[in-house]
Amino acid sequence: ATPDDRRYLLLDEAFLYSYKELTLESLAHLLNLSPRQTQRLIYKKYGTTFVKLRLQSRLNASANMMISSKLTLSEIAEECGFCNYLHYAKGFREAFGMSPSEYRRSVRQ
């Protein structure tokens with residue numbers, strides 16, 4: 001395994017499990033890279049920026065929580081690291097093409 005393979009695995013794990021509190025600086029420290037090198041590695045692997053990938057990770061986690069939990073949408077937004085429900089709902093609509101409540105209704109039918 002190459003150093004990049006190890007780093008790619010760490011990237012995947014960070015965005016899958018640590019999306020709530022993940023910062024570029026904490027990720028760079030985990031990878032033993034500078035923040036700029038970390039941004040380059042993310043773009044090389046995922047073709048997007050750190051901020052967009054973190055948002056995607058949080059939104060995907062929230063979609064999974066809607067299926068598997070009875071938390072309110074505001075509680076889910078908070079659990080996934082969003083500062084407020086309006087910010088969460090806007091990002092969710094842009095990513096999934098429907099509001100969080102519409103999504104939750106559609107997956108429960």
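Predicted model: local features only at pLDDT ≥ 70, side-chain atom pairs only at ≥ 80, totals over all residues.
Close-up 1. Residues are numbered from 1 along each chain as its sequence is written, and side-chain values use heavy atoms, with hydrogens and water left out. Helices here are DSSP runs (H or I, at least four residues), numbered from the N terminus.

**Close-up 2. The buried face of helix 7.** Which residues of helix 7 (residues 100-108) are buried? They are P100, Y103 and R104, where buried means under 20% relative accessible area (1.4 Å probe, protein chains only). Look down the axis of helix 7 and its buried residues fall within an arc of 100°, so they line one face of the helix. That arc is taken from the directions from the helix axis to the C-beta atoms.

**Close-up 3. F15 meets F50.** Rings of Phe, Tyr and Trp (its six-membered ring) pair if their centres lie within 6.5 Å; planes under 30 degrees apart count as stacked, over 60 as edge-to-face and the rest as tilted. Counted this way, there are eight aromatic pairs. In one of them, the ring centres of F15 and F50 sit 5.8 Å apart with their planes at 55°, so this pair is tilted. It ties together distant parts of the chain, with F15 in helix 1 (residues 3-17) and F50 in helix 4, 35 residues apart. F15 counts as buried, at 5% relative accessibility, and F50 is buried too, at 6%.

Close-up 4. F92 is buried with a relative accessible area of 0%, and Y103 is buried with 16%. Both belong to one aromatic cluster made up of F82, Y85, Y88, F92, F96 and Y103.

**Close-up 5. The surroundings of F15.** What does F15 touch, leaving aside its neighbours within four places in sequence? It is in contact (heavy atoms within 4.5 Å) with L22, L27, I42, F50, L53, R54 and S57. The C-alpha atoms of F15 and Q56 are separated by 9.1 Å, though these residues are 41 residues apart along the chain.

Notes:
Buried < 20%, exposed > 50% of the residue type's maximum accessible area, 1.4 Å probe, protein only. Helix = DSSP H or I, 4+ residues; strand = E, 2+ residues; numbered from the N terminus.
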